[in-house]
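Thanks for asking me to look this one over.

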Amino acid sequence: MATFEGNFTGDSSSFRFAIVIGRFNDLVTGKLLSGCQDCLKRHGINVDPIGTQVDYVWVPGSFEIPMMARKLAMTQRYDAIICLGAVIRGQTPHFDYVSSEAAKGVAAASFQTGVPVVFGVLTTDTMQQALERAGIKSNLGWNYALDALEMANLMQQVNTISDEPPIANLKAIQESPQAVIGNQ
Ligand code: INI
């Protein structure tokens, strides 16, 4: 038997990532993106949008992130997908709907496709708390990129021991997602 653990020292030149970013609260999400790019760059990834390693997809808000993450994951083109958003509590229950759909949907996108999808959606009570986590104190965008690198490397290792293709029923899902997955 063996122990598997993602590392950051392997050859990352073949890795491909997609970053899905919510435009809502882009004062925060733009900073998360900068942190994310900084981490990827320092681990040898070419983050140039016209390069071959990272694609960037902007969506209106965190509610739209899961659908886009799933669509991108289904291409099986990426080693990991990083989702960046910022949901900030207001005076209405809107926060709860958006944050819960974002969390559930990102988990579903990963589970349904077998592609690591990193949940980088901040959920905070105030803009101040969000900004503190997006560069003022620390930048969680950096950590989310690290999670993606770790999972990409781990998947590479685990895929070598698996008898199964990365996702056994991908073709069936692509042809008829409702039949295979239902409405989750
Ligand atoms: N989207 C966010 O990413 N963060 C928020 O705080 C937010 N609030 O509070 O409304 C938000 N709403 C927009 C939502 O994500 C969708 O884009 C919109 O409802 C259209 O589907």
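**Notes on the ligand site and the fold**

1. Let's start with the shell around the ligand, whose residues divide into 6 nonpolar, 4 polar and 1 charged. Here Ala, Val, Leu, Ile, Met, Phe, Trp, Tyr, Cys and Pro count as nonpolar, Asp, Glu, Lys and Arg as charged, and the others, Gly among them, as polar. The residues in question are F24, N25, G61, S62, F63, E64, A86, V87, I88, H94 and V98, each having a heavy atom within 4 Å of the ligand.

2. A word on the basis of these notes: this is a predicted model, in which local features need pLDDT of at least 70 and side-chain atom pairs count only at pLDDT 80 or more, while totals for chains, interfaces and linings use all residues. Residues are numbered from 1 along each chain as its sequence is written, and side-chain values use heavy atoms, with hydrogens and water left out.

3. H94 brings a polar side-chain atom to 3.4 Å from a ligand oxygen. (A polar contact is a pair of N or O atoms within 3.5 Å; within protein, one must be able to donate a hydrogen and the other to accept it, and residues adjacent in sequence count only if both atoms are side-chain atoms.) Taken alone, the ligand exposes 460 Å², and the protein buries 75% of that; accessible areas come from the Shrake-Rupley method with a 1.4 Å probe, and for residues only the protein chains shown count as cover.

4. Where does the shell come from? Strand 3 (80-88) and helix 3 (94-113) are the elements that give two or more residues to it, with strand 3 supplying the largest share, 3 residues. Helices (H or I, at least four residues) and strands (E, at least two) are DSSP runs, numbered from the N terminus.

5. Now the chain as a whole. It has 7 helices and 4 strands, arranged along the sequence as β-α-β-α-β-α-β-α-α-α-α. The radius of gyration is 17 Å, close to the 16 Å that the globule rule gives for 184 residues, so the chain is as compact as a globular protein of that length. (The radius is taken over C-alpha atoms, and the rule is 2.2 Å times the number of residues to the power 0.38.)

6. Of the 184 residues, 42% count as buried, meaning under 20% relative accessible area (1.4 Å probe, protein chains only). Among contacts with a separation of 6 or more, 77% join residues 24 or more positions apart; contact means heavy atoms within 4.5 Å.

7. Do have a look at Q53, in the loop between helix 1 (26-42) and strand 2 (54-59). Q53 counts as buried, at 7% relative accessibility. The Q53 side chain reaches the backbone oxygen of F15 at 2.9 Å, and a polar atom of that side chain lies 2.9 Å from the backbone nitrogen of N46.

8. T29 is in helix 1 and is buried too, at 0% relative accessibility. A polar atom of the T29 side chain lies 2.8 Å from the backbone oxygen of G22. Leaving aside neighbours within four places in sequence, the contacts of T29 include F24 and A86, both of which are also among the residues around the ligand.

Note on methods
Buried < 20%, exposed > 50% of the residue type's maximum accessible area, 1.4 Å probe, protein only.
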